[in-house]
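Biologist: I have just opened this structure and would like to learn how to read it. Could you walk me through it, one feature at a time?

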Amino acid sequence: MALTRSALRLFSGRFTQACQVRGYADASSMSLTFAAPSQVLYNNISVKQVDVPSFSGSFGILPAHVPTLAVLKPGVVTVFENDGSTKKFFVSSGTVTINEDSTVQLLAEEAVPVDTLDISAARELLAQSQSQLASASSDVAKAEAEISIEVSEALIKACE
């Protein structure tokens, strides 16, 4: 019986310590690093919020967000800066990592400011992609055309 009590005390002490460890980010600030292969858009810059499109659904990231790893889908990333301004970027794909220390890394395959997009070029790309899908003879060609259609549709939506 004495051994059981000693083991219980040892376990409860460790359990209490484990429960006291916080699993969320520090709520005072959030640091964003946002990059694509050709450019770094934010390099460890403090921001208020970031909204991202992911395959598990679009979501907003605030300080104290639970640590998360997500895959980006084609769509608009919105960055809410500390001065109250917002900047929007179209991303084709990538990843977002939210860490316990309230840092966020957003790595995009391509990232372009939304205000530089051309809706007529996006519509033309959609038409080309749809014709490629119709004439695709292999599974690989079909998959590539479907990806191009998805990106084109997201580009058009971002422009509207």
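This is a predicted model: local features need pLDDT of at least 70, side-chain atom pairs count only at pLDDT 80 or more; totals for chains, interfaces and linings use all residues.

Biologist: Which strands pair with β5?

Modeller: One partner is β2, which pairs with β5 in the antiparallel sense over 4 bridges. Here aspartate 51 stands opposite threonine 78 of β5. Another partner is β6, joined to β5 by 6 bridges and also running antiparallel. In that pairing, glycine 75 faces valine 91 of β6.

Biologist: What lies between β5 and β6?

Modeller: The two strands form a hairpin with 4 residues between them. Look in the turn for glycine 84, which has a positive phi of about 95°.

Biologist: Now the aromatic rings. How many aromatic pairs are there?

Modeller: The count is 2 aromatic pairs. To classify a pair, look at the angle between the ring planes: over 60 degrees counts as edge-to-face. The ring centres of phenylalanine 34 and phenylalanine 89 are 5.3 Å apart and the planes stand at 85°, so this pair is edge-to-face. Phenylalanine 34 belongs to strand β1 (residues 31-36) and phenylalanine 89 to strand β6 (residues 86-91), so the pair ties together parts 55 residues apart in sequence. Both phenylalanine 34 and phenylalanine 89 are buried.

Biologist: And what about tyrosine 42 and phenylalanine 89?

Modeller: Their ring centres lie 6.2 Å apart with the planes at 85°, so this pair is edge-to-face too. It links distant parts of the chain, since tyrosine 42 is in strand β2 (residues 39-52) and phenylalanine 89 in β6, 47 residues apart. Tyrosine 42 has 5% relative accessibility, so it counts as buried. Together, Phe34, Tyr42 and Phe89 form one aromatic cluster.

Biologist: Which residues have the most contacts inside the largest nonpolar core?

Modeller: That core has 22 residues, and those with the most contacts inside it are Leu32, Phe34, Val50, Val52, Ile61, Val96 and Leu106. Strands β1, β2, β3 (59-61), β4 (68-72), β5 (75-81), β6, β7 (94-98) and β8 (103-108) each give two or more residues to this core. The largest share, 4 residues, comes from β2. Apart from this core lies another, of 9 residues, including Ala122, Ile149, Ala154 and Leu155.

Biologist: How would I read helix α3?

Modeller: A helix can be read by its span and by its covered residues. Helix α3 (residues 139-159) has 21 residues and reaches 30 Å from first C-alpha to last, close to the 30 Å expected at 1.5 Å a residue. An α-helix has 3.6 residues a turn, so residues three or four places apart point the same way. Among the buried residues of α3 are Ala145, Ser148, Ile149, Ser152 and Ile156. The buried residues of α3 pack against β5, β6 and α2 (119-135).

Biologist: What does serine 152 contact, leaving aside its neighbours within four places in sequence?

Modeller: Serine 152 is in contact with Ala122, Leu125, Leu126 and Ser129. Its relative accessible area is 0%, so serine 152 is buried.

Biologist: Finally, how many helices and strands does the chain have?

Modeller: There are 3 helices and 9 strands, running α-β-β-β-β-β-β-β-β-β-α-α from the N terminus on. Of the 160 residues in the chain, 32% are buried.

How values were computed: Residues are numbered from 1 along each chain as its sequence is written. Side-chain values use heavy atoms; hydrogens and water are left out. Rings of Phe, Tyr and Trp (its six-membered ring) pair if their centres lie within 6.5 Å; planes under 30 degrees apart count as stacked, over 60 as edge-to-face and the rest as tilted. Buried means under 20% relative accessible area, exposed over 50%, partly exposed in between (1.4 Å probe, protein chains only). A nonpolar core is a set of buried Ala, Val, Leu, Ile, Met, Phe, Trp, Tyr and Cys residues joined through side-chain atoms within 4.5 Å. The expected span of a helix is 1.5 Å times one less than its number of residues. Contact means heavy atoms within 4.5 Å. Two strands pair if DSSP finds at least two bridges between them.
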